[in-house]
Amino acid sequence: MTDNELLLAISNLFDSKLKPINKEVSEVKDRLITVETNMADMKSEMADMKSEMADMNNRVKNIEYTQENEIIPRLNTIESCYTSTFNRYKASVEDHEAMKQDLSIIKNVLMEHSDKLRKIS
């Protein structure tokens, strides 16, 4: 075998061995490109989510401030109004019950006196 034939045989041998390796490397490169594209998409989505979360945080803070500065003081005012009204009515309910008993007694006495007056007349 001549040197050229030997070199050609070695070259063919390398080509036959390198073709599958080159194909696999090419496939790996394609997969990496796909992964990089997916990662870029995910980074973009994450940035959008961070922006939305910042907006939501601002909205929640505004809600908290509204509750703290407007709603809770108003509820406290309403509560104190109802509490004082309840306390006033509670006392008057007790008085009302006492007056009902007194009126019942007066009514019975009046009926007895009416009967006595009828008997006398």
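The model is a predicted one, in which local features need pLDDT of at least 70 and side-chain atom pairs count only at pLDDT 80 or more, while totals for chains, interfaces and linings use all residues. Residues are numbered from 1 along each chain as its sequence is written, and side-chain values use heavy atoms, with hydrogens and water left out.

**The whole chain**

Begin with the C-alpha trace, which fills a box of roughly 165 × 35 × 15 Å along the principal axes. The radius of gyration, taken over C-alpha atoms, is 49 Å, whereas a compact globule of 121 residues would have one near 14 Å; the globule rule is 2.2 Å times the number of residues to the power 0.38. Helices (H or I, at least four residues) and strands (E, at least two) are DSSP runs, numbered from the N terminus. Buried residues make up 1% of the 121 residues, where buried means under 20% relative accessible area, exposed over 50%, and partly exposed in between (1.4 Å probe, protein chains only).

**Nonpolar patch**

Select Leu6, Leu7, Ile10 and Phe14, which form a nonpolar patch on the surface with about 400 Å² of accessible area together. Patches consist of residues with over 30% relative accessible area and no salt bridge; like charges are joined within 9 Å, and nonpolar side chains (Val, Leu, Ile, Met, Phe, Trp, Tyr) within 5 Å. Phe14 belongs to helix H1 (residues 3-120) and is exposed, with a relative accessible area of 52%.

**Negative patch**

Move to Asp41, Glu45, Asp48, Glu52 and Asp55, which gather in a surface patch of negative charge. Of these residues, Glu52 may be located in helix H1.

**Salt bridge**

Finally, select Arg118 and Asp115. The structure holds one salt bridge, a term for a side-chain nitrogen of Lys or Arg within 4 Å of a carboxyl oxygen of Asp or Glu. Arg118 forms a salt bridge with Asp115, and their closest N and O atoms are 3.2 Å apart. Both residues lie in helix H1, three residues apart, about one turn of the helix. Arg118 counts as exposed at 60% relative accessibility, and Asp115 as partly exposed at 38%.

Key:
Accessible areas come from the Shrake-Rupley method with a 1.4 Å probe; for residues, only the protein chains shown count as cover. Lys and Arg count as positive and Asp and Glu as negative; His and the chain ends are not counted. The place of a charge is taken as NZ of Lys, CZ of Arg, CG of Asp or CD of Glu.
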